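Please look through the chain shown here from its overall layout down to individual side chains.

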Amino acid sequence: MKSAQTHPVAEGGTPAPRKSVLFCPTCGHRAPTEGNWVVTERSVDGDHRRAYGCPTCGRTLVVQPVFEESIPA
């Protein structure tokens, strides 16, 4: 099984395109999910959420749940 950190190589030896890229529809900024996005943690009614915001225009792109295994103690 491959690690999540490895990137497959397409035909001709070029890296395959990344699937985990976020794109801001407002300003066009794009970067990998672990890139330069503004990431904030929120707790709403006991539900922990992680929000990804654009560093260029400030738009919030994704808000997703954070499961207990990934919440720091």
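Read from the N terminus, the elements of the chain follow the order β-β-β-β-β, so named in a model that is predicted; the chain has five strands and zero helices.

Three of these strands form an open sheet, ordered β3-β4-β5 and paired in antiparallel fashion. Its edge strands, each pairing on one side only, are β3, which covers 38-44, and β5, which covers 60-65, and neighbouring strands of the sheet are turned against each other by 25 degrees on average, with direction ignored. Between β3 and β4 (residues 47-53), which run antiparallel, there are seven bridges; one of the pairs involves V44, whose bridge partner in β4 is D47.

Side chains of opposite charge can pair when their charged atoms come close.

Turning to the interior, 15% of the 73 residues of the chain count as buried, and the largest nonpolar core is made up of six residues, namely L22, C24, A31, W37, Y52 and C54.

For the chain as a whole, 21% of the contacts with a separation of 6 or more are between residues 24 or more positions apart, while the accessible surface comes to about 5,800 Å², of which carbon and sulfur atoms account for 54%.

Conventions: Residues numbered from 1 in each chain as written. Predicted model: local features only at pLDDT ≥ 70, side-chain atom pairs only at ≥ 80, totals over all residues. Heavy atoms only, no water. Helix = DSSP H or I, 4+ residues; strand = E, 2+ residues; numbered from the N terminus. Buried < 20%, exposed > 50% of the residue type's maximum accessible area, 1.4 Å probe, protein only. Contact = heavy atoms within 4.5 Å. Areas by Shrake-Rupley, 256 points an atom, 1.4 Å probe, with all protein chains shown as cover. Core = buried A, V, L, I, M, F, W, Y, C linked by side-chain atoms within 4.5 Å. Pairing = 2+ DSSP bridges. Axes fitted to C-alpha atoms, helices over the stretch in contact; angles between N-to-C directions.
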